Amino acid sequence: MNILVCISNVPDTTTRIKYSADMKAVDYSGVQWIINPWDELALTRAIELKEANPALVQKITVITAGGADAEPTLRKALACGADDAIRVDAAGGDSLFTATQLAHAVKGEPFDVILCGIESSDYNGSAVGGMLAELLDYNSVSAVSSLNLEGNSVKVTREIDGGKQSIETAAPVVLIVQKGIAINPRIPSMRGIMTARTKSLKVVAAAAASPGSKVVGYQAPPQKSACKMIDPENMDELVHLLHTEARVI
Amino acid sequence: MSVLVYIENWNGKFKKSTYELVSYGKRLANGLGGSLTLLSIGRVAEDELKNLGAYGAGKILSAETDAPLDDKAYASLIAGAAKNNDASVVVMAHNGTGKALAPRVAVRLNAGLVSAVNGLPVSFQPFVVSKKAFSGKSLMQAEITSDIKVITLSQNTAGIETFAGEAVIEKIDTSSMTSGTKVLSTEVQTGKILLSEADVVVSGGRGMRSADNWKPLEELAGVLGAATACSRPVSDEGWRPHHEHVGQTGKVVAPNLYFALGISGAIQHLAGISSSKVIVAVNKDPEAPIFSAADYGIIGDLQTVLPKMTEAFRKFKSGN
């Protein structure tokens, strides 16, 4: 079985977001880039499955759509344990544009299980995985919190409101994964970092694709007013304020 | 210019979030000068469907089936209904089901998708919607440029409105539905207030010190009719189940009232709670970053503060 993990290259979670002077674009200068946290968990699970059963999982490939500046993030994924990488040379665009680029690079390639994080921490779109499945005409399961492979059968747990479902499907399939799929993300070892330099990173030309949406502009979220401190000995005051001032109880 | 809203049911019943979604769809249709059509997939009693008339439902398409959620099959049905009804905007909830289906529906309709929109469009022509980006650190406006538009609505951002009118139900054929996924088993906790639907959430962090200390937190939640939640270290330690984890990689919640008890307020946690209307924080560290996100703060030890707090709410609730 071959596993493909889709990687989004995103600003580090603690990044302070800055904008261009006209507020129409994000200013990415000085930003530290990381593997999107959910994609990192997906990659971790893929590596765990390969380590547990190398006869079943032959290869893990990582893919991203982006410019050359996304390559360090792919190299980090290779250092974590992916075998090879693909970069579709297509930066920007919305989820439909990105999914079209990924589908173009993946179509006809022998990937049995395609893993996508349930959202990316930049635009929080939760869209590329489902779109990729539809473009490839594969089955998909979303909100996947555990994954096991048995022969050609794919067994997953899907989180639902207030509970979970155990689901069986067959490859090829797109799995849109969330927390639980792996607990602690894999950190590259020194040896991993050394071998990552020699692993294959293939660049694929962009496909003709048009986005379905575009960013008009940004705003900083409204400033919260200062926190009102309440005497720990006077909880009636808290109740009173929540009732009469905040009007939430 | 019609609007199609996909409405999910839970064992044949709708929830508060359904009414919000339907009345949002009605206001959207009014703004576009068009009509609203709902699509229900599953088995929902006629009364339950008819009730949606009060929230603006005109036509309700009822696709009766026992087939559980299969992304491909459901998306195909929704996209088909959108085409048959000349929908120019398709709306779903930004929940697990909406996240699974909206992207597939968008591809089928060759439509742009903007997910997790906050409220009504900023502009109908061009079609511009507002949403949070960078896990709550930024607000973004996006224009959907395709002919058909797909959006998912963030819960608790649009409010519920009622309208005069009656819903007309039309059955649609589901005989050609096939599924590529098989549900082997389903486990649902009953009797618990769902985190996603709760008006009040009581959440504990590492400051709770151990799994054994959760009883007083659950007591407070019981008094307030609240759902319980936790921060990431708590679920990582196994003090609480993973489905209670609120934060960037866990659940994003938007209750009216959120209690952060012994939660320091790491940026990953704030990403999950920034849409809460009011935040109350209790922490023994006056420098904890949670106080910059909170509306009301109490500096103190939870072991003494929590029982007093519960008692005060109990007194208030019994006086009401």
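User: Which strands does helix 6 (residues 235–244) of chain A lie across, and at about what angle does the helix run to strand 15 of chain B?

Analyst: This is a predicted model, in which local features need pLDDT of at least 70 and side-chain atom pairs count only at pLDDT 80 or more, while totals for chains, interfaces and linings use all residues. Residues are numbered from 1 along each chain as its sequence is written, chains are lettered from A and ligands numbered from 1 in the order in which they are written, and side-chain values use heavy atoms, with hydrogens and water left out.

Helix 6 of chain A lies across strand 15 of chain A and across strand 13, strand 14 and strand 15 (296–299) of chain B; its angle to strand 15 of chain B is about 170°. Helices (H or I, at least four residues) and strands (E, at least two) are DSSP runs numbered from the N terminus. Axes are lines fitted to C-alpha atoms, for helices over the stretch in contact, and angles run from 0 to 180 degrees between N-to-C directions. Contact means heavy atoms within 4.5 Å.

These strands belong to an open sheet of six strands with parallel pairing, ordered 15(A)-15(B)-14(B)-13(B)-11(B)-12(B); strands pair if DSSP finds at least two bridges between them. Helix 5 (residues 214–224) of chain B lies across strand 11 (200–204), strand 12 and strand 13 of chain B, at about 175° to strand 11.

The chains also pair elsewhere: strand 14 (residues 213–219) of chain A runs antiparallel to strand 7 (residues 138–144) of chain B over six bridges, with Tyr218(A) opposite Met140(B).

As for the contact as a whole, 80 residues of chain A and 81 residues of chain B take part. The two chains bury about 6,900 Å² between them, 57% of it on carbon and sulfur atoms; buried area is the accessible area (1.4 Å probe) lost on putting two parts together, summed over both. Nine salt bridges are counted between the chains, a salt bridge being a side-chain nitrogen of Lys or Arg within 4 Å of a carboxyl oxygen of Asp or Glu. One such bridge joins Lys15(B) to Asp161(A), with the closest N and O atoms 4.0 Å apart.
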